[in-house]
Amino acid sequence: RASSAASDELTRQLSTLSSGLERTFLCGVCLQHEDLRAAFAVPGCRHRFCSACLAGYLTSEINDGQTDVRCPFVDDQKSARCPTVLAPPEV
């Protein structure tokens, strides 16, 4: 009976944990799991970043004189950067 109660408690905790993770995303800039409500999805590629992180990235790129600001996502397995260029209305 005690093992059944422990198993039920573990199942409840795992369910709570997984439901919380479903509402988060991994920001490719700060590498933190953040609430989806704080996300900005880049139009075209749909990579998600914290709104604050993306704003900082865009500010830095523009201040550095970049005219074609690309999505900051990097595919580590391919060592390739996302080719999506953000259009002025998106910036």
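1. The largest pocket of this predicted model is lined by F25, L26, C27, G28, L31, H47, R48, F49, P72, F73, V74 and D76. Two elements, strand 1 (24–26) and strand 4 (48–50), each give two or more residues to that lining. The space in the largest pocket comes to about 210 Å³, and the residues around it divide into 8 nonpolar, 2 polar and 2 charged.

2. One of the lining residues, L31, deserves a separate look, and its place is in the loop between strand 1 and strand 2 (33–35). With a relative accessible area of 57%, L31 is exposed, because the cut-off for that word is over 50%. The backbone of L31 has a positive phi of about 60 degrees, although L31 is not a glycine. Most residues other than glycine have a negative phi.

3. The loop between strand 3 (39–41) and strand 4 holds V42, and R46 has its place in that loop as well. Is V42 buried or exposed? The relative accessible area of V42 is 0%, so V42 is buried, whereas R46, at 54% relative accessibility, counts as exposed. R46 also has a positive phi, near 70 degrees, and R46 is a residue other than glycine.

4. The surroundings of V42 can be described through its contacts, leaving aside residues up to four places away in sequence: V42 touches H47, F49, C71, T84 and L86.

5. Helix 2 covers residues 51–63, which makes 13 residues, and it reaches 18 Å from its first C-alpha to its last, close to the 18 Å expected at 1.5 Å a residue. Which residues of helix 2 are buried? They are C53, L54, Y57, L58 and E61. Seen down the axis of helix 2, these buried residues fall within an arc of 130 degrees, and they therefore line one face of the helix.

6. The buried residues of helix 2 pack against strand 3, strand 4 and strand 6 (80–81), while the face turned away from the buried side carries the exposed residues A52 and N63. Following helix 2 comes G65, with a positive phi near 85 degrees.

Definitions and conventions. Residues numbered from 1 in each chain as written. Predicted model: local features only at pLDDT ≥ 70, side-chain atom pairs only at ≥ 80, totals over all residues. Heavy atoms only, no water. 1 Å grid on protein atoms, 1.4 Å probe; cavity = no way out; pocket = protein on both sides within 12 Å on 5 of 7 lines; lining within 4 Å. Points joined across faces, edges and corners; volume = space filled by probe spheres on them. Helix = DSSP H or I, 4+ residues; strand = E, 2+ residues; numbered from the N terminus. Nonpolar A, V, L, I, M, F, W, Y, C, P; charged D, E, K, R; others polar. Buried < 20%, exposed > 50% of the residue type's maximum accessible area, 1.4 Å probe, protein only. Contact = heavy atoms within 4.5 Å. Expected span 1.5 Å × (residues − 1). Arc of directions from axis to C-beta.
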